[in-house]
Amino acid sequence: MVIHALLAAVLATTSLPAQAATADCDRVKCLALTFDDGPGEGTPTLLKILKQEGVKATFFLVGKQVERRPQIARQTLAQGHAIGNHTYSHASLPTLLDEQILDELKTTQDAIQQATGLRPTMFRPPYGHTDDRVLGLADQVELAQVLWTGTTLDWKLRDAKKIKAAVLRLAKRDGVILMHDTVPATVQAMPAILKELKKQGYHLVTVPTLLRGKKPEPGVSYP
């Protein structure tokens, strides 16, 4: 059963169009779409859209949600998307004690590894709240910090047309755009967003691909 599951994961990642997986971001215009707070109820629909379009993205997962929906976390990885840690309870990390921060990160690492077999190398602090202490503690857990070059504020907009407009406004070469797969309007907007970004010549890739395939370094903040 385990062998069959692994084979299915390999086939799922290799059956997609090669554009996103093999893009040379030194030569082509790359952009990373990232999604926080899942896995959520709308994540499978988003994954289906991304697969149909041959697009790879990066998902920062909340530990509690991974425990609720481990199969969606597995599906996300199987489709070739990058996965990162978004803490266990979506807490503002600088407000916590050192041991609490480490627990938020470590518990999520364990939950993601149990669900997918992968131990992430990236984390994103909830709300973007971070400081040197948080970054140092992330280093202890062998995690690099990934922020963004632009946020859509989709959780506040909650309107597909407005979210699309925000993405197109924020799009730039080597950019990292923050969205949420838990916002239904974001999932609804995604087909039109992908169509327009491709029309503009963007190759939509994961954060590691944007880093030219280099492994994110623990304790370092990107981009």
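Here is a short chat about salt bridges in this predicted model.

Trainee: How many salt bridges does the structure hold?

Mentor: To count as one, a side-chain nitrogen of Lys or Arg has to sit within 4 Å of a carboxyl oxygen of Asp or Glu. Going by that cut-off, the number of salt bridges in the structure is six.

Trainee: Okay, which residue meets Arg212 in a salt bridge at 3.0 Å, and how many residues apart are the two?

Mentor: The partner is Asp26, with 3.0 Å from N to O. Arg212 sits in the loop between helix 11 and strand 9, while Asp26 sits in the loop between helix 2 and strand 1. So the pair links distant parts of the chain, and the separation is 186 residues.

Trainee: Is Asp26 buried or exposed?

Mentor: Over 50% relative accessible area counts as exposed. Asp26 has 56%, so the word for Asp26 is exposed.

Trainee: What about Arg124 and Asp36: buried or exposed?

Mentor: These two form a salt bridge, with the closest N and O atoms 2.9 Å apart. Arg124 lies in the loop between strand 4 and helix 7 and Asp36 in strand 1, so the pair ties together parts 88 residues apart in sequence. As for accessibility, both Arg124 and Asp36 are buried.

Note on methods:
Residues are numbered from 1 along each chain as its sequence is written. This is a predicted model: local features need pLDDT of at least 70, side-chain atom pairs count only at pLDDT 80 or more; totals for chains, interfaces and linings use all residues. Side-chain values use heavy atoms; hydrogens and water are left out. Helices (H or I, at least four residues) and strands (E, at least two) are DSSP runs, numbered from the N terminus. Buried means under 20% relative accessible area, exposed over 50%, partly exposed in between (1.4 Å probe, protein chains only).
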